[in-house]
Structures are given as C-alpha cells and as structure tokens.
Amino acid sequence: MLLTTKQLFDKCYGRYAIPAVNVFFMEEIHGLFAAAQETNTPIIVQTTPFARDYAHPDMLLSMIQSAARIYPNVVYAIHMDHGYEAHIYDALEKGGYTSVMIDASHDSFEQNVLRTKQVVDKAHEKGISVEAELGVLAGVEDDLTVEAAHSFYTNPQEVEDFVRATHCDSLAIAVGTSHGAYKFSGGQGLQLHILQEIQSRLPGFPLVLHGGSNVSSEVVERINRAGGKIKTDAKGVQEDEIQKAIPLGICKINIATDTRLLWTMVNREFFRDKPDEFAPTSPGKIFMEEYKQFMIQKFNLFGCTGKSIEFRNPGA
Ligand SMILES: [Zn+2]
C-alpha cells in the first residue's frame, strides 16, 4: 500500500516514528521489505541523488516497486532524500515518488523559503508531500561535507515563520545530530528543548531527524576485529534520546550509517572466516537476513511495529 509521508505522519505524530531508510542496492531493499512484511510495520524507503547516480534512477525505483509486489502487505512511502529542483521536477513528471525533500538549508532563510515554496506548489498539485530543511547539520552526506563550525541548530521562531510561508508538510531540523558515523564528537546529545519549543509553536507539525543512526560500538568493534579501521569514538543517537524525541513530534528518523556499518561487518567477517569463497551471493544472503533483523529492532525502538493495520484498516 503506497502512501504519501503526510498520510503516514497524520497518524503517527506524537505516538511513534517511522524509519526512513536510505537504499542503494537490491539486498537492502529485500531486507527492508521482508522486515516490514513480517512485522506489519509501515516504512519510508528513500533514495539520495548519490544512490540514484550509483544504480541509475530507473533501476533503483524499479527495484523498490518490485519489492512492493514481492511483499504485497507492506505499507510504505517512496521518498526522495536531499533532492534538488532538477531531480524533484524530473521525479514529479515521471512519477513513482510519493514524497520529496527539497534541501535548500545551505541558502539564506529567504532563499530557502522561496525555493521550498516553489517545490511545494508543484508537488502539492500532484498530491506529493514535501519535506524541507532548516538549520545545518555537520558531517558527511554522500559527497557533501559540513564542518562542525559551520553547522547550527534550528531556531524555533524561524521554523514557525518558515512553515507558515512555505506550507511544507514536514521539516528536517538540526538539533544535535550529524550525518555519517561521527555524530556526537562534542558529546552534546539531542537538543530536546528545541523540539519542545517547536511543538508549542506548531502543535501537530511533523519533524524529521536526519543522522538518526545509533552507530553500535559492538558493530564497530566487530568490523575492526575483522580488519577494519573505523574510529572507536564514533557515536550515534542514543536509544533513550530517540524515545524522548518521538512524543515531541519526531515522525521520521533517517537511517543510513547503521546499515552501511552492518554491510561492512558482514562482508569483512565473511571473507576473514572464509578466505576461499568468492561468490557475492554467499555474504549477500547473510547480509539480507542480518539487515532484516536489524530493521525489526529499529521498528521496536521507534514504536512502529505492527502499525500497518492503522493504515490498511483505519476503522480498527
Ligand atoms: Zn540528511
């Protein structure tokens, strides 16, 4: 059941969050949909420009659409993560996506409003939801690196003005997370008071947490024992912070780093333990199963396990 992100957020606001998972290749898409089907959990599948360049936009979208046929009970949205106008208008024309993100957060406030409003007007004509971003996250997102010194927290007053001016459906905010594996080098944690103030200004308005990976120290240690050199001070969002953020309006939590670390762990351990093997399908099978189990854990953490019923059977 393909929905927009707005339809998902209308139901989950304040109660649970939905994982928005960046996918790049087939094994991830299988693992994600298998987890969603097995546990009746709604998901957001999302693609970055980098992912579309890697696989080809048609290949990536076709794989997601195939997965939706293979796992027919899954309630899902297809979202374009960190889009720019060229990608977004191309997707609006060709169809397939039910939600897009316009990331003009590196522009001035006025320019961000202008660019976001233009995308909102065009997307809403087609019934497609729009996520925008206000504030700048530090870290590495595909090919874009932002130094911590150039990142800043989202200002709640600006959020109110921005949402009223653009009519965007959800907003990614900078409240202490970063993109990539090295999230909290300063150890500052999530700025929950900012979420609280946004909620009091805009009750019921859905917020999005980018850089929502946990960066498990156990996974990092296993990678390093199998020959990796990931810095062990890498630290992500702690589970109790996620659980405090959801009642404050975080509806969508982006996950990319954790799944990359999982892929690295599975493959490094596989080839360390089986140096005579060379078939990509052998570690691929292990990865799909590990990915599925990892997603089921995330669903439980975000409180969305089993919630597909609310969308398929709204009267229940
Ligand atoms: Zn992001």
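Let's start at Phe205: setting aside neighbours within four places in sequence, Phe205 is in contact (heavy atoms within 4.5 Å) with Tyr13, Val163, Cys168, Asp169, Ser170, Leu171 and Gly249. You'll find Phe205 in the loop between helix 8 (192-201) and strand 10 (207-209); helices (H or I, at least four residues) and strands (E, at least two) are DSSP runs, numbered from the N terminus. Because its relative accessibility is 10%, Phe205 counts as buried, a word that means under 20% relative accessible area with a 1.4 Å probe, protein chains only.

Before going on, note that this is a predicted model, where local features need pLDDT of at least 70, side-chain atom pairs count only at pLDDT 80 or more, and totals for chains, interfaces and linings use all residues. Residues are numbered from 1 along each chain as its sequence is written, and side-chain values use heavy atoms, with hydrogens and water left out.

Now for the core. In soluble globular proteins, nonpolar side chains tend to be buried together. A nonpolar core is a set of buried Ala, Val, Leu, Ile, Met, Phe, Trp, Tyr and Cys residues joined through side-chain atoms within 4.5 Å. The largest one here has 93 residues, and those with the most contacts inside it are Leu8, Phe33, Ile43, Leu171 and Ile173. Helix 12 (residues 281-302) supplies the largest share of this core, eight residues.

Take Ile173 as an example. Not counting residues up to four places away in sequence, Ile173 touches Leu134, Leu137, Thr154, Val159, Leu195, Ile198, Leu207, Val208 and Ile250.

Terms used: Buried means under 20% relative accessible area, exposed over 50%, partly exposed in between (1.4 Å probe, protein chains only).
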